[in-house]
Amino acid sequence: MAVTSIAPAVPISRKEAVRAICCSDDELPELLAFALAAKERFKPGVITYSRKVFIPLTNLCRDYCGYCTFRRDPGDPGAHTMTPDEVLAVAREGEKLGCTEALFSLGDKPELLFPEMRETLRRLGYKSTLHYLEAMCKLVLQETNLLPHPNPGLLSAEWISRLAEVSPSMGLMLETTNASLLAAGAAHDNAPDKLPARRLRTIEEAGKRNVPFTTGLLIGIGESPEDRVDTLLAIRALHERYGHVQEVIVQNFRVKPTIPMANWPEPSHGEMLRAVAVARLLMPDVNIQAPPNLSAPYYDDLMDAGINDWGGISPLTPDFINPEKPWPHLEQLRLRTESKGQQLRQRLPVYPEFLPALVSRSSSQKSQLLAEKLDIARNADGLARIRSAA
Ligand code: SF4
């Protein structure tokens, strides 16, 4: 195995990445050392996180991903679409706790499948879930100092432009480029929005519009190690073309008793470390994130594999996507981060290196509001202006 042949400071090739992601346990420490060195060249001595509130605008979704605990059908226990008052109450509470991000997570286009959602939207006064999302992002922007980061699923070019007026960044997990996972009984059976080509198109449209974009891959949903490499390469290709991928999330599948994939094996910690390290070496100058709550209690090992960000951490709202995996307390996260010789810094939903382009493009009335809120939220380094101690 040629982990030793990896050249420092050069993005590795597909061949090198496939060899690295399949490396033996004996070779793993060497791979991690290369990845950590690449991280230290990129952002030395610092790990960031975004202090956020989670706003699950609606948990109705037209897809049925086999690993999802979030989605509901209308009438299911816990099925809910938040009212504007509920959205604002969560955002205001988060603001008091020093949050700077309102992460809007929601199911993909539920009104296309459910008449109940069409009725809810009619009562609220909106034509679609995306119209409602746009209005709620604007409400949060106007009424609080939080910056919205919407995660609404597939988006057209028009909707990317519209949401970019009311949010500095947005996201869509690519998850995998393996389209065979849409087959009967696989993870994306009956999940039409998980067709890789459609997700790649959304990420590309965001690139064409210069929208700072968060994406990533899911580990352990039926894909092979080679698929993981190809998913990362697809993200890298779009980033090389448009320069807009601000963050790549490496997220591991966690089993839950209530999901269709309740009997699937979880990926091992070693698989997760290999995937993070290879992501870092394929994209040495892109922010790489892994959620600590999904690797607890060994989450600090992820720093050895080259992450430079812990993602969104909420002091208030539970992780609605993985509700049984609470986030580590922020003080605990700080201590574990510092034990690796890294400083924990609070960032905004948009990373500092993407701020200059954002501020300069503000021209319309709504973008002016976004520019003003960015100015309030940021410090001189482009990170979060701290209002309460972590
Ligand atoms: S993972 Fe997202 S798209 Fe899939 S079912 Fe859950 S909410 Fe819907």
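**Close-up views of a predicted model**

**View 1. Helix 7 and helix 8 are roughly parallel to each other, because the angle between them falls under 35 degrees.** In this predicted model, helix 7 (residues 196-208) packs on helix 8 (residues 225-242) at an angle of about 20°, and their axes lie 9 Å apart. Helix 7 passes helix 8 in a crossing that is right-handed. On the side of helix 7 the contact is made by Leu 200, Ile 203, Glu 204, Gly 207 and Lys 208, which meet Ala 234, Leu 238, Arg 241 and Tyr 242 of helix 8. Sorted by class, this contact of helix 7 with helix 8 comprises five nonpolar residues, one polar residue and three charged residues.

**View 2. Helix 1 and helix 8 are oblique to each other.** Helix 1 (residues 14-21) packs against helix 8 at an angle of about 140°, with 9 Å between the two axes; since only angles over 145 degrees count as roughly antiparallel, the pair is therefore classed as oblique. The crossing of helix 1 and helix 8 is right-handed. Arg 14, Ala 17, Val 18 and Ile 21 are the residues of helix 1 in this contact, and they meet Pro 225, Glu 226, Arg 228, Val 229, Asp 230 and Leu 233 of helix 8. By class, six nonpolar and four charged residues take part in the contact of helix 1 with helix 8, and no polar ones.

**View 3. Leu 233 is a residue of helix 8 that counts as buried.** The relative accessibility of Leu 233 is 18%, which places this residue in the buried class because the cut-off is under 20%. When neighbours within four places in sequence are left aside, Leu 233 is in contact with Arg 14 and Leu 282. From C-alpha to C-alpha, Leu 233 and Cys 61 are 29 Å apart in space, and they are 172 residues apart in sequence.

**View 4. The largest nonpolar core has 100 residues.** The residues with the most contacts inside this core are Phe 104, Val 248, Val 250, Val 276, Leu 302 and Trp 310. Helix 9 (residues 269-282) supplies the largest share of the core, namely nine residues. Apart from residues up to four places away in sequence, Leu 302 touches Met 272, Leu 273, Val 276, Ala 290, Pro 291, Ser 295, Ile 307 and Trp 310. There is also a second, separate core of ten residues, among them Ala 191, Leu 218, Ile 259 and Met 261.

**View 5. The peptide bond from Ala 296 to Pro 297 is cis.** Most peptide bonds are trans, and most residues other than glycine have a negative phi. For the bond from Ala 296 to Pro 297, omega is near 5°, and Pro 297 is found in the loop between strand 7 (287-289) and helix 10 (301-304).

**View 6. Lys 109 has a positive phi, and Asn 190 has a positive phi as well.** Lys 109, a residue other than glycine, has phi near 45° and lies in the loop that runs between strand 2 (101-106) and helix 4 (115-124). Asn 190, likewise not a glycine, has a phi of about 60°, and its place is the loop between strand 4 (170-171) and helix 7. With a relative accessible area of 45%, Asn 190 is partly exposed, because this value lies between the 20% and 50% limits.

Note on methods:
Residues numbered from 1 in each chain as written. Predicted model: local features only at pLDDT ≥ 70, side-chain atom pairs only at ≥ 80, totals over all residues. Heavy atoms only, no water. Axes fitted to C-alpha atoms, helices over the stretch in contact; angles between N-to-C directions. Helix = DSSP H or I, 4+ residues; strand = E, 2+ residues; numbered from the N terminus. Parallel < 35°, antiparallel > 145°, perpendicular 65-115°, else oblique. Left-handed = near helix turned anticlockwise from the far one by under 90°. Contact = heavy atoms within 4.5 Å. Nonpolar A, V, L, I, M, F, W, Y, C, P; charged D, E, K, R; others polar. Core = buried A, V, L, I, M, F, W, Y, C linked by side-chain atoms within 4.5 Å. Buried < 20%, exposed > 50% of the residue type's maximum accessible area, 1.4 Å probe, protein only.
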